[in-house]
Amino acid sequence: MANSEQSKTGVKVRIQRFGSHLSGMIMPNIGAFIAWGLITALFIPTGWLPNEDMAKLVGPMITYLLPLLIGFSGGRIVYDLRGGVVGATATMGVIVGADIPMLLGAMIMGPLGGYAIKKFDKLLEGKVRSGFEMLVNNFSAGIIAAILTTIAYKGIGPVVLTLNKTLAAGVQAIVDAHLLPLASIFIEPAKVLFLNNAINHGILSPLGIEQASKAGKSILFLLESNPGPGLGILLAYILFGKGMSKQTAPGAAIIHFLGGIHEIYFPYILMRPLLLLAVIGGGASGVFTFLLFDAGLVAAPSPGSIFALIAMTPRGNYLGIISGVLIATAVSFLISSVILKSSKQTDEDDLTKAAEKTSALKGKESRASSLVQPKAPQETEIQKTPAAEKSRANVEKIIFACDAGMGSSAMGASILKNKARKAGLDVSVSNTSITNLPADADIVITHKDLTDRAKAKLPNAEHISVENFLNSPKYEKLLNELVESKGTAAPAVAEGTQDAKNEYEDVSKIIFACDAGMGSSAMGASILKNKVQKAGLDVSVSNTSITNLPADADVVITHKDLTDRAKAKLPGATHISVENFLNSPKYEELLEKLKAAKSLQ
């Protein structure tokens, strides 16, 4: 029985992770999708401002721009900019090899390109002769990209084209048979299980984009994003709920309907699982109404706010869109009301338990928690060491991170930013996805279930785990430490006076960095690499551009004119300035310090 539960959980986590990868390719480019949707809505023959000349933008954007952005993002997720370039180039193969927008093809070729060049670089690591690094780097990327582009054009493109047409034909057959409302039977429960990314970004959005490119709109954008079903449930709780659920439902309704944060209503469903019938009924009735009015959107609304839906509605479709949302709300409300009124359960504690279950299902903190969970008790103050005091004094950037870099992490960042501003702290607080964690982050705050992933991505930063992004006692504790440390910060240690053991004992990666990450920095890295190998030191030496400095670099060597840029990019590393990459006495000094530090271990 336990093995069965673990298996189910493992499958759910894998699907969620797959959805996270898909959203990682789509979400950063939502702005471009919206731009294309607005241009389409304005300038096509049936648009608000028909213009034959401006309408020429529509085709190239959907055919080339959007797939290439997806391909680049997919490659970059796997292997940073180098992977992004190869991924985008390989995506051209599926673009040219098909006569429809190749968004699905881009989702395949982008990560594949990044993976291929990553494996190749790993294979050749340490085997390239000094002076040939730039040649090998450029030609390896070019050759692999050319091979993948050719394979994509002749092999993968036609397969994806066939798959895409099959899926599109299947969707069209469902629409023609008037069965599309039945999709809510699968979509609405999947949302509560946080599988919406896999469904929405993996299937509905690519097919919807293809439909919109031909017809100027698509109903597929409305299947998952309609806020009506969730609003109906929250309205029912406002009128017929009890205790905490009744008190918190109005705030949740505003966040859900106007802010587009759908997961805010998930705990209310988990409290009464029968309410799945309400969202299924509401979703199906909404889809039926959209079909009745032949309504659709020009692009995916993100987030699923009523404002986003209205913004993406083409001319002549407002009545259908608003009617679909209102009818979905009404049906969901009626079913929810019956369920809540007939329930004899009390729900004083149920909502808190449901919010915890929501976090467990999602694998991270639910945005609803702040509305339903009581404030956590303050943690016992711990004695701070001088080292911790010093690190707090140097904190400049705090990052909240979650899967998508939106929603709960954004709201948590906003809360801490306001607290920091009121405390008079000159500290940057922002949010992003774990995939896009910046290298110069000093502190990373994540839900406890995501901290290991964040540490793997940014091992040199300080990581703080929380159970609730919106209501954690650790925020006050962190703020108090920052105020105290920045008010009594110790003077900086003069350069060159820090004990070698403290500074160099944990050095495992040395990076040479310049503007392009090639040429003289590559040769300098090769020179130092040979010296390190001869000294018998287990230290990695490589080169890159300043833009691509890895987060786990311990020592960064740059030309003196570039050191400030490198420090701004990676402030946590030790930085060494040289005047000549090919002949610097600082290499020998560094080797001696490394030897001394390693010998003390």
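First, the ground rules. This is a predicted model, where local features need pLDDT of at least 70, side-chain atom pairs count only at pLDDT 80 or more, and totals for chains, interfaces and linings use all residues. Residues are numbered from 1 along each chain as its sequence is written, and side-chain values use heavy atoms, with hydrogens and water left out. Helices (H or I, at least four residues) and strands (E, at least two) are DSSP runs, numbered from the N terminus.

Start with the sheet that holds β1. Four strands make an open, parallel sheet, in the order β2-β1-β3-β4. Here, two strands pair if DSSP finds at least two bridges between them. β2 (428-433) and β4 (462-466) are the edges; each has a single partner strand, so one side of each has no neighbour in the sheet. The twist from one strand to the next averages 25°. Axes are lines fitted to C-alpha atoms, for helices over the stretch in contact, and angles run from 0 to 180 degrees between N-to-C directions.

Now the pairings. β1 (residues 397-402) runs parallel to β3 over three bridges. There, I398 has I443 of β3 as its bridge partner. β3 (residues 443-447) and β4 are joined in parallel by five bridges. I445 faces I464 in β4, and H447 has V466 as its bridge partner.

How many residues of β3 are buried? Five of its five, with buried meaning under 20% relative accessible area, exposed over 50%, and partly exposed in between (1.4 Å probe, protein chains only). β3, helix α18 (residues 451-457) and β4 form a right-handed β-α-β unit. Right-handed means that, with the strands pointing away from the viewer, the path from the first strand over the helix to the second runs clockwise.

Next sheet. Four strands again form an open, parallel sheet, ordered β6-β5-β7-β8. β6 (540-545) and β8 (574-578) sit at the edges with a single partner strand each, so one side of each lacks a neighbour in the sheet. Neighbouring strands are turned by 25° on average, direction ignored. β7 (residues 555-559) and β8 run parallel, joined by five bridges. I557 has I576 in β8 as its bridge partner. Helix α21 (residues 520-534) packs on this sheet, touching β5 (509-514), β6 and β7, and its direction makes about 175° with that of β6. Contact means heavy atoms within 4.5 Å.

Buried or exposed? A522 counts as buried, at 1% relative accessibility. Leaving out residues up to four places away in sequence, A522 touches E133 and N543. A522 and F512 are 10 residues apart in sequence, and 7.2 Å apart in space, C-alpha to C-alpha.

Last stop, helix α2 and the cores. The buried residues of α2 include W36, F33 and I39. A nonpolar core is a set of buried Ala, Val, Leu, Ile, Met, Phe, Trp, Tyr and Cys residues joined through side-chain atoms within 4.5 Å. The largest one has 86 residues, and W36, I70, I233 and Y237 touch the most other members. Helix α5 (residues 133-176) gives the largest share of this core, 10 residues. Apart from it lies another core, of 62 residues, among them A439, A454, L528 and I576.
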